[in-house]
Amino acid sequence: MRKLPKLEMRFLNDKHLMKHFLLAVTAIFFGIASVLAQDINRTWTVDSLENTSQNRLFSTSETLELKDGAFKILATDANERASGDYLHQNNLLVFYFNTPIDTVRKFKISVKTDSSLVFAEKNAVYTFKNHDLQVASPATETTNTSPIIPSQGFSFGSLRRGILGMISLIFIAFLFSSNRKAINWKTVGLGLVFQLVIAIGVLKIAFIKTAFEFIGKGFIAILGFTQAGSEFLFGGMLDVNSFGFIFAFQVLPTIIFFSALTSVLFYLGIIQKAVKGMGLLLTKILGISRC
């Protein structure tokens, strides 16, 4: 029997440890996801109604209380209008009425977060908002909301700030340079001019502005895919109003998604072509190497 070299044995051991590590991380990850799974047990207030002219169950501003398998429908004067038991499984919600009459009504849930709940019965759509968040929102709005200052457009002050910013960045780069004599100031000047041309094109020239907006919408759509996948995995933990900003849930999924997307594009050779094209453009304009 052939004796494996030490390097090969070490590689096999490391591979074995890595496999167990990945399995442990996966188990912990799905354990946390299951613990943090979305729960509809709370008080909801009717926010909007659609196509509810016939056999309407709720009215505007009424309250739906869901707690431990029991439900109550409260009118605007807080008096109980209906009650019973409910069953919630996946996207199915079933109400078993005890009062005012003994009946059963089934609904299909389309949106389920900590801040909103939407379910439908045939064509009728009922949209709810978290009652507790609605009660707390006025105080937070008055203390935390700051007015958005509109853009003042181009002025001498904005031009002065822009020039000061560019000079400051160049000065900082000059101070930290290891070989100041080798700085090609022509390349620096061409780079600044190129940036200004792009800025003017984006702000003032219609077709350039449209092109950048089209690219921006593409990235927004990709971020939308990331958001949808994150909501499927973490549910209401993405609600910043309820849980605050959590780096692991708000940022890390986007980083992982873009890393995977970049790897796929690199495998297909698209990244190489894009970098080659950009390098060729910069080579012609600034006279530098593609690297």
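Helices (H or I, at least four residues) and strands (E, at least two) are taken here as DSSP runs, numbered from the N terminus. The structure is a predicted model, in which local features need pLDDT of at least 70 and side-chain atom pairs count only at pLDDT 80 or more, while totals for chains, interfaces and linings use all residues. Residues are numbered from 1 along each chain as its sequence is written, and side-chain values use heavy atoms, with hydrogens and water left out.

Of the 291 residues of the protein chain, 20% count as buried (under 20% relative accessible area; exposed is over 50% and partly exposed in between, with a 1.4 Å probe and protein chains only). The accessible surface of the protein chain (Shrake-Rupley method, 1.4 Å probe) comes to about 21600 Å², and carbon and sulfur atoms hold 66% of that surface. Turning to contacts (heavy atoms within 4.5 Å), 37% of those between residues at least 6 apart in sequence join residues at least 24 apart.

A helix pair comes next. Two packed helices are described by the angle between their axes and the distance between the axes. Helix α4 (residues 185–204) and helix α9 (residues 270–286) have axes that come within 10 Å and cross at roughly 120° (lines fitted to C-alpha atoms over the stretch in contact, with angles from 0 to 180 degrees between N-to-C directions).
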